[in-house]
Amino acid sequence: MTPIPKLPTLEKLKWVYSLVLAVFCVSAAVWMIRSDGIFQISSLTYPVLQPSVTPTVAQNMTAGFKVLRGQPASLVRVNGSRTLLISAYLEHRTRTKKVLVIAIMFRKEKVSLQCSLRCREQLHVSRASVDIHWDHFGFPYGTADVSCPLPPACQAPTHVAVTSAAIRNPDQSDMEYLEVWNQRALTSFPYTFTSCFSTMYNYTNVLQLVQSLEMLQFLGVNRVVIYKMNCSAETQRVLDYYSDKGLVEVVPWSLSKYLNVSRRAKPDQDPGDIHYFGQIPALNDCLYRSMYRSKYVALHDPDELILPQLVNSWVELLPLLERKYGVNKCYKFENNWVPSEFALTPPAPQTLPQLDRWQNVSGVNILNHVYIEPAPRKPVFNNYKIITNPRSVYSVTVHGVLRSQGGCAWTDRRIARMYHVK
C-alpha cells in the first residue's frame, strides 16, 4: 500500500511502531501458520516463551449430587424465576462471610430467592439478598449479585443451589448445585498478571489474536481468560495451542441459548435481552475466578494493548503506578484509537520474516497500522480499560469498576496508555 501523508487529525505513532516492531521481529519469526492451519516453530533460534504454570485441571463431579462444574461458568436457570446463575464464590472480605453467586436477572421481576448450602453432606438453607448492578445500559436483564449468608454451622460450603422462595420444600433431586470456588483466601498466587477477554463471538481475526497473545507475554501476562461464544476453525486451533501451552483458559459462554443477546452496547442500536453478549457478567466472573489466582487482573479486549511508555513491561509498570497513585487501586489507561483504515507498509529489516508467510492468515496485522486519533480531552468519556488488584474490587463494568475498596486512578499517558486497533 502506498504510504499516506500525515493527516491533520492524526499523529504518527512512532514509539509504538518501534516497540511493536521490535517485539514482533521475535514473535512473528517464531510462529507461522502452514496452509493446513497447524502451528509450527520455525528453524530460527529465538527463545520460546514458556508458561509459568501448568494448565488448570478440571474438577471432578461430586458423587451423589447433580453438580455443575463452576469453572466453565455453567449457566443454570432458577426454577420459578427468570434468573440465570453463572458461578459461585466464597466471599472472604465482607464483615459477614457469605457465598456470592454471580447471576443475570430480569430487572422488572420481583422475586425472593433462597440458598441451599452443602456442608459435610448437610443441607443448610438461608434467605438470599439481591443486588442488580446499575450498568445494564437499559436492557431488560442485568448482572446481579446473589448473596447467601452463611449460618454458623456452615462456614465453608462446597456447593450451593438457588431457588425461588415461593417454592416451598423444593425437590432436592431437581436442584442443580454450583460448586463454590475461592475456598481459601490465598496470599501468594500462581500468576502475576491475568488478562480477561470477553466476549469472543464470530471471531476470525486470527493474526491479531496471535500477535496480541505474544505481545501480552512480553509484557508479563501469564494467564489469559477468554469467554468464547463461537469462532472460526482457525481461531479454535490458536486457542487450543495456547491452552495446551498453559497461557489461555477458554470459558464456554453459551448465554445465547437462554437469552436474546444484543450485539451492541445499547438497545436502540440492537434490541435484545442483555448488553453486548453478556459481557458484563462475564467480566465479573473473571474478576472472581482470578481473585486468588492472580496478583493483578487486566480487563480489556483482544484488539486492545496497554503499553508502558517509560518501562518495558507490566512487571515494571505496576510498582511504578503503586508508588505514584497508591496501592490497592484500579489503574485506568487512556484509550487511543488506531483506525485500521489507515495503513503503512512497515520496513523489512532482516530479522522480520517475509510477509508472504502471513498471506493465508486471516485478520489484521497491527504492524501495518501506525496512526492514532488524538484522544479527547477530559471530561469527555474515554473508552479506557483497567489493571487492578482483584482483591480490592467487588464489582466491575465494561470501563472501570462499580464498587471497590480504594477507587481508581487515571494513569498519566506519559507513563502508560492503551491502543485500540479496530
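**Disulfides in the predicted model**

User: How many disulfides does the structure hold?
Analyst: Four. Keep in mind that this is a predicted model.

User: What does Cys115 pair with?
Analyst: Cys115 is joined to Cys148, with an S to S distance of 2.0 Å. Cys115 sits in strand β8 and Cys148 in strand β11, so the bond ties together parts 33 residues apart in sequence.

User: Which hand is the link of Cys115 and Cys148?
Analyst: Left-handed, with -70° about the S-S bond.

User: Is Cys115 buried or exposed? And Cys148, buried or exposed?
Analyst: Cys115 is buried, at 0% relative accessibility. Cys148 is buried too, with a relative accessible area of 0%.

User: What about Cys196, what is its partner?
Analyst: Cys286, and the sulfur atoms are 2.0 Å apart. Cys196 lies in strand β14 and Cys286 in helix α4, 90 residues apart. The S-S torsion is about -80°, so this disulfide is left-handed. Cys196 is buried at 1%, and Cys286 is buried at 0%.

User: Switching to Cys330, where does the pair sit?
Analyst: Cys330 is in strand β19 and its partner Cys408 in strand β25, 78 residues apart. Their sulfur atoms are 1.7 Å apart.

User: Which hand is that link of Cys330 and Cys408?
Analyst: Right-handed, with 115° about the S-S bond.

User: How accessible is Cys408?
Analyst: Cys408 is partly exposed, with a relative accessible area of 31%. Cys330, by contrast, is buried at 1%.

User: What is the pairing in sequence order?
Analyst: Numbering the bonded cysteines along the protein chain, it goes 1-3, 2-4, 5-6, 7-8.

Definitions and conventions: Residues numbered from 1 in each chain as written. Predicted model: local features only at pLDDT ≥ 70, side-chain atom pairs only at ≥ 80, totals over all residues. Heavy atoms only, no water. Disulfide = S-S within 2.5 Å. Helix = DSSP H or I, 4+ residues; strand = E, 2+ residues; numbered from the N terminus. Buried < 20%, exposed > 50% of the residue type's maximum accessible area, 1.4 Å probe, protein only.
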